[in-house]
Structures are given as structure tokens and as C-alpha cells.
Amino acid sequence: MPHVLSRRAVLAAGGVALPRVAIGQADTRPVISVAVQKIANSGMLDVFREQSSNASEHWTGSILETLIGRNQQGALERVPGLALSWKRLDANRVELALRPGVKLHDGTTMTAEDVAFSFSADRLAGALADVRAVARRYIPALDRVEVVDALTVRFVTTTPDFTLEGRLSAGGSQIVSARAWQARGDWAANRNAPVGSGAYKLRAFKPDTSLILDAHDEYWGGRPPIRTLRFLEIPETAARIAALQAGEVQFATDMPPDQIAGIEASRGLDVQGGLVLNHRILAFDKHHPALVDPRVRLAIAHAI
């Protein structure tokens, strides 16, 4: 396996299906270490609290999945995820047919009840006020999720929302195990213990240090090709590069453009990139005396 410096490459490896290990046979799949600048800016693993395309997106998709997916190897177009298909009934309703036989990390099989719970107020019981506010922002017009049958759900909004399909493929729309969540209790008890359907399941999390994931061998997409994924937080760019060159890690992320030439000059190292769903936004305090003039704000934006 070549050394590749990209989030996309690490996550892409999870989609390769390999034969299952026979009983008694040694698991020879590799353990992969990934050096990241930051694992979670908030110090938590909750998708409503942790929002960073440069941090949590490195690992979120490996643990938790959405009903509608994104083609990470293409143009990020919408593709079937935990839902095999979806159809718009009218301006306020979208119906989705769930993928049958999806095993969650706690051993249960995903049903429409898990989907409904994932978007319910019960999931946010005990959450901080700002977390509840973020959750409302994801699908602000959501009225309810109707359970049509075990493998069919219907999203109903209070007002017409023609962005709903996109929202269901974005962060905050990940599906969790209702049983696992309720067994732990409220939001506070679950914020660092996500139980989803992804190709990898949580083993251990040490804020500001490491995140360790193990293969979820009952994954609906096939047996994951990596036995264990280790995300190691190494804030300094030079230290991440040194760890990569020393063979201490197999992947490193968040490489600034001015480092690419030097990295590619190293034997056996390669730099890869890909599309990400990201928006760069500058927010200015227009009441600050130095920023009242819009030309000053524009000049700052151009300079950055």
C-alpha cells in the first residue's frame, strides 16, 4: 500500500470487500495509523457538537452513515446509502426505502425505528443548548419522521423544503442505534460513544490524543480491508511529516501546499487529494470602527 496523504484515500479503503476470515484463521489485515492535525475540535465525537471538515470528517464516515450517501470517488453526487432509494411525494414529503439487513455496531439490525429515533428530540435529551440549536439548523423545517413500515420512512416538513434530500446526505443526518443510545441514557452519556453502521466501530477515544477504530466485519458493504484504524493527533506539520517518513504512520493529512514538493521528493511518498464539501466563510464585525467601511472588509477578504 503506498503512503498517501489524504482523508479521501483513507476513507476510500473502507469500500473494498475482502473474503471473510475463517474460524481459527489469523486476521492478517493491516493496522493503519493516520496522523491528523486534530481529531475533534470540540473534544467530543457527537456529530452535532463536532463540526469540522478538517477534523471530524477524517473519521465520521467510517463510524456513522447517512441515508443518502455521496460518491467520494466521483463528483460527490448523491448515491444510495442506508437508503436504497428515495422519492419526493410532494413539496413537504420525501419517502425513503431502507437498505435491508444493515447490521449496527451493537449487533442489532437497522430498522425504520432507528431512523426515526436519530431525528427525534429524545436523541438530544440532556444536550447542551448550543447542541440543540445546531441540530435544529440541520433540518430546520422538519416536522416528523413517519415509520411507514420496518424498512420505509417518510420525512415530513412544516414548509416546502426542496433541499431535504441534500440535507439527508450531510452531517447531522447520521443514523445511530436507538437501542444503544437509550441503553446509555441521554446525550451526555452518548456524546463520545457513537454506535452506527459504518465499516469501522469505536474502540477507544482519548481527546487530543488518539481515536482507535476496529473493523465492523458485518458491514453491509463488505468486510473492511483494514483491521484497525488509528488516528493520532499530531498538531505540528513537521512532526506529521517526520512520522510519515519514519514509517510510524502510513497516512498524514492536512498538508499545506508549500510542503507538497518536499513530501513528493521523499522516496515512497505520494500526495493525493479529492473533492470535499466545504465552504470558506469570513465573518466581520461591521460595528468595529476599523471595519465599518465595506471596502476595508473586501480588501481583507481579497488579502486572505
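The legends below describe a predicted model, in which local features need pLDDT of at least 70 and side-chain atom pairs count only at pLDDT 80 or more, while totals for chains, interfaces and linings use all residues. Residues are numbered from 1 along each chain as its sequence is written, and side-chain values use heavy atoms, with hydrogens and water left out.

**View A. Glu-233 forms a salt bridge with Lys-38.** A salt bridge is a side-chain nitrogen of Lys or Arg within 4 Å of a carboxyl oxygen of Asp or Glu. Here the closest N and O atoms are 3.3 Å apart. The two residues come from distant parts of the chain, 195 residues apart: Glu-233 lies in strand E11 (residues 228–233), and Lys-38 in the loop between strand E2 (31–36) and helix H2 (60–63). Helices (H or I, at least four residues) and strands (E, at least two) are DSSP runs, numbered from the N terminus. Lys-38 is partly exposed, at a relative accessible area of 22%.

**View B. Helix H4 (residues 129–138) has buried residues, among them Val-131 and Tyr-138.** Val-134 and Ala-135 of H4 are buried as well. An α-helix has 3.6 residues a turn, so residues three or four places apart point the same way. Ala-129, Arg-136 and Arg-137, on the other side of H4, are exposed. The buried residues of H4 pack against helix H5 (164–167) and helix H7 (187–190), where contact means heavy atoms within 4.5 Å.

**View C. Four strands form an open antiparallel sheet in the order E5-E6-E8-E7.** Strand E5 (83–90) and E7 are the edge strands, each pairing on one side only. On average, neighbouring strands of this sheet are turned by 20° against each other, direction ignored; the axes are lines fitted to C-alpha atoms, for helices over the stretch in contact, and angles run from 0 to 180 degrees between N-to-C directions. Two strands pair if DSSP finds at least two bridges between them. E5 and strand E6 (residues 93–98) are joined by six bridges, and Ser-85 stands opposite Ala-97 in E6. Strand E7 (residues 142–149) and strand E8 (residues 152–157) run antiparallel and also share six bridges. Val-147 stands opposite Val-153 in E8, and a hairpin of two residues connects E7 to E8.

**View D. Glu-95 forms a salt bridge with Arg-154.** The closest N and O atoms of this pair are 2.6 Å apart. Glu-95 lies in strand E6 and Arg-154 in strand E8, so the pair ties together parts that are 59 residues apart in sequence. Glu-95 is buried, with a relative accessible area of 13%, and Arg-154 counts as buried at 19%. Salt bridges that share partners join Lys-87, Glu-95, Asp-143, Arg-144, Glu-146 and Arg-154 into one network.

**View E. Arg-203 forms a salt bridge with Asp-214.** Their closest N and O atoms are 3.0 Å apart. Arg-203 is in strand E9 (residues 200–206) and Asp-214 in strand E10 (residues 210–215), 11 residues apart. The structure holds 17 salt bridges.

Note on methods
Buried means under 20% relative accessible area, exposed over 50%, partly exposed in between (1.4 Å probe, protein chains only).
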